[in-house]
Amino acid sequence: MKGQRLPKIGFGTSQITGRACTDIVKTALSVGYRHIDTAQAYGNEDQVGRAIAQSNVKREDIFLTTKVWRSSLDRKGVARSTAESLDRLGTGYVDLLLVHWPNDSVPMGETLAAFAELKAAGKTRHIGVSNYTMRHLEEAVETHKADLFCDQLEYHPQLDQTALLGALRGYGLALVAYSPLGRGRLVKNPVLAAIGKKHGKTASQVALAWLARQGGVAAIPKASSEAHCRANLEVFDFALDEDDLARIATLNGKSRVWLPSWGPNWDD
Ligand code: NAP
């Protein structure tokens, strides 16, 4: 299974920019995060790079992910925009380069071939996709034989990802869970809070523990404070029991936070 060495909890950086981004990524590294998730579209690759350079953690000990935006998925765009990303990040390579969103107006084979070229050239250690539906995944793996690492998908207790998780496991790929706290919607969820109370934990910690206990799943919560950064790593010192899991299962549904106009048809 790909992603076995990927930390179960990484650090998401969307919507954190400027000095605040440099500071919080440095904090995240200092409290123990080793997977940092950014993207061309987040406008913070230079601040993430600065944080890594200023931290006491060696570059080779960090798993750094960035994503190519959907307007740069043609062959030249992938090469050019990734070179720009590496320049901003101040590194010769990323650990994982993702297609941020599928874009049916660019042949998938062209995009994935360009990604494979970057991997062969040592510009990225792994390649992967994000927001790929079942149809996209099948095309990537079965038609284009892409050597993927993961599909980064929205995943939390209110969004059922049983089918995609099953497909990813079948292909030996990881599911990297974005918006694992439902972009903050779950941090006060009463069901998760009640379970948390029993274990001396918060609703957020229950949501993250639920993801982390699943085989082939890693999560990348975003946090703006050191307290939240630390809390989100403290999810391995308790175990959800059968009763907890049954109560969390009652939340399972189709509550999707991210439905942008350019997004795929999730029933595909
Ligand atoms: P999220 O991680 O689900 O939720 C972040 C929210 O939860 C923030 O409001 C944060 O507040 C709050 N929070 C975090 N830890 C907390 C804690 N311990 N207690 C209470 N509140 C807490 O949302 P997200 O940023 O949408 O997703 C995470 C990452 O996934 C992103 O940063 C990005 O890297 C990635 N992502 C990828 C895609 C994609 O298309 N591939 C899409 C969306 C996101 P504070 O900020 O105040 O700490």
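This note comments on the ligand site and the sheet of a predicted model.

1. Basis. The model is predicted, and local features require pLDDT of at least 70, side-chain atom pairs count only at pLDDT 80 or more, and totals for chains, interfaces and linings use all residues. Residues are numbered from 1 along each chain as its sequence is written, and side-chain values use heavy atoms, with hydrogens and water left out.

2. Ligand shell. The ligand is surrounded by 29 residues (a heavy atom within 4 Å). The closest are D37, S179, L181, S224 and H228. By class, the shell holds eleven nonpolar, 14 polar and four charged residues, with Gly counted as polar and Tyr, Cys and Pro among the nonpolar. Helix α9 (residues 226-233) contributes the most, with three residues; helices are DSSP runs (H or I) of at least four residues and strands (E) of at least two.

3. Polar contacts (N or O pairs within 3.5 Å). A ligand nitrogen lies 3.0 Å from an N or O atom in the side chain of Q152. Ligand oxygen atoms lie 2.9 Å from a polar backbone atom of S14 and 3.4 Å from one of G182. The protein covers 87% of the 910 Å² of accessible area that the ligand has on its own (Shrake-Rupley, 1.4 Å probe).

4. Sheet. Eight strands form an open sheet in the order β1-β2-β3-β4-β5-β6-β7-β8, with parallel pairing (at least two DSSP bridges per pair). Because β1 (11-12) and β8 (217-219) are edge strands with a single partner each, one side of each has no neighbour in the sheet.

5. Strand pair. β6 (residues 148-154) and β7 (residues 174-178) pair in the parallel sense over five bridges. E154 stands opposite Y178 in β7.

How values were computed: A polar contact is a pair of N or O atoms within 3.5 Å; within protein, one must be able to donate a hydrogen and the other to accept it, and residues adjacent in sequence count only if both atoms are side-chain atoms.
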